[in-house]
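Subject: Structure handover, aromatic contacts

Dear colleague,

Here is the structure I said I would pass on. My notes on its aromatic rings follow below.

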Amino acid sequence: MPSPRPVPLPPTGLLLTGGGARAAYQVGVLEAIADLRREAGAIDQPNPFPIITGTSAGAINAAALACGADDFDGTVRRIADVWQGFSTGQVYRADALGMLDAMGRMRLLLGVGQLLARWLRMRPRSLLDNSPLAALLQRLVPLDRLPGLMAAGHVQALAVTASSYSSGEHFTFFDSALPMEPWVRSQRIAVAGSITHDHLMASSAIPFVFPATALPIHGHTEYFGDGSMRQSAPISPAIHLGAERILVIGAGRLHEPPADPGPNTMTGYPTLAQIAGHAMSSIFLDALAADIERLRRINQTLTLIPPELRAQSRLRPVELLVIAPSERIDVIAARHVGVLPGAVRRLFGVRASVSGTDIKGSALASYLLFDTAFTRELMALGRADALRQRAEVMRFFGWARPSA
């Protein structure tokens, strides 16, 4: 007698958050999920994430995963190969000429008098030039495959977010296999259409560091920066696209231990790197923690509503599985600051420590450390953290270990 077929699970979404080079952590988590999927004998099942959403560097990982949804394991390996072999030059210019240009921009930004007048004439657009990233996206994210994968049912929706400098609104750009009405919330707008590499460049344009990207919006052009800016509800796009279960892969703070007071505690007037790192953490990390808390409170409230009344409304609980770093990423970054191009360290006032324990300014460095040693360490941490939650991951996906 054949065994009963498992009950289909509700639509599953994946949220990959922002964080520059910190996004390497996400890839380690995905590697562990691919391993657990094989261990459970579920490799013949469809793509485990029919709904994929991402922000900033997470948008790039999300789009790459969606463009290989017909081969989940192979696509995760391909993404991992890129992150394991990363170099700064694949993301932004670190050559002498490019960095001299960046230093000149900084002097112009901080100058007075005639330098200020000169700056007004030149109108510098960013501190670093991320044009190499555009070439990398052409290889890593074959977006021309996405329509066919959606038509074949391998992926249901892809969404990436960006923030408009022109209007101040936060946009979610999404492509869906099924017709879907865009949603509008306070300072949050959804736009349906094909995702392009320009959307990914816009979503990952770290403010001040990388230049804004022009995108067409309703017949006119607006300039966009990193999708983590003004992102008050990071989980929302996956819910709007139909996900009832969401795996959230964070990039810090949720499970990180608190800072260790002592010689590494910041004293004295903060450097530019310390101020920028604090601002980056506020942009990239804080909104996610608040949104997770909010969603869990809503889930708890829904349990108090009688099922018959809840069935008459559009309200539904959303199951969350959150995997986030168990170690402080700025501490890890402090061990690798020395590999940043010297001009970048001088530009932001980041100090390299011989002992590797000085974390002052390393928060900023963690977003720009596109270096093999750093990304591999983050990938290893992501893999270990996911495997530490093995039972929860298996239960979330409905996977069971095969019998001997």
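**Aromatic contacts**

Phe-171 is buried, its relative accessible area being 2%. Phe-224 is buried as well, at a relative accessible area of 0%. Please keep in mind that this is a predicted model.

The count of aromatic pairs comes to twelve. One of them is formed by Phe-49 and Phe-72: the ring centres are 6.0 Å apart and the planes stand at 55°, so this pair is tilted. Phe-49 and Phe-72 are both buried.

The two residues I began with, Phe-171 and Phe-224, also pair: their ring centres are 5.3 Å apart and their planes are at 80°, so the arrangement is edge-to-face. Here, too, distant parts of the chain are linked, since Phe-171 is in strand β4 (residues 170-176) and Phe-224 is in strand β8 (residues 220-225), 53 residues apart.

**Charges over rings**

Phe-396 has a further contact: the charged end of Arg-245 sits over its ring, 4.2 Å from the centre. In another such contact, the charged end of Arg-22 is placed over the ring of Tyr-367, at 4.9 Å from the ring centre.

Regards

Methods: Residues are numbered from 1 along each chain as its sequence is written. This is a predicted model: local features need pLDDT of at least 70, side-chain atom pairs count only at pLDDT 80 or more; totals for chains, interfaces and linings use all residues. Side-chain values use heavy atoms; hydrogens and water are left out. Rings of Phe, Tyr and Trp (its six-membered ring) pair if their centres lie within 6.5 Å; planes under 30 degrees apart count as stacked, over 60 as edge-to-face and the rest as tilted. Buried means under 20% relative accessible area, exposed over 50%, partly exposed in between (1.4 Å probe, protein chains only). Helices (H or I, at least four residues) and strands (E, at least two) are DSSP runs, numbered from the N terminus. A charge sits over a ring if NZ of Lys or CZ of Arg is within 6 Å of the ring centre and within 35 degrees of the ring normal.
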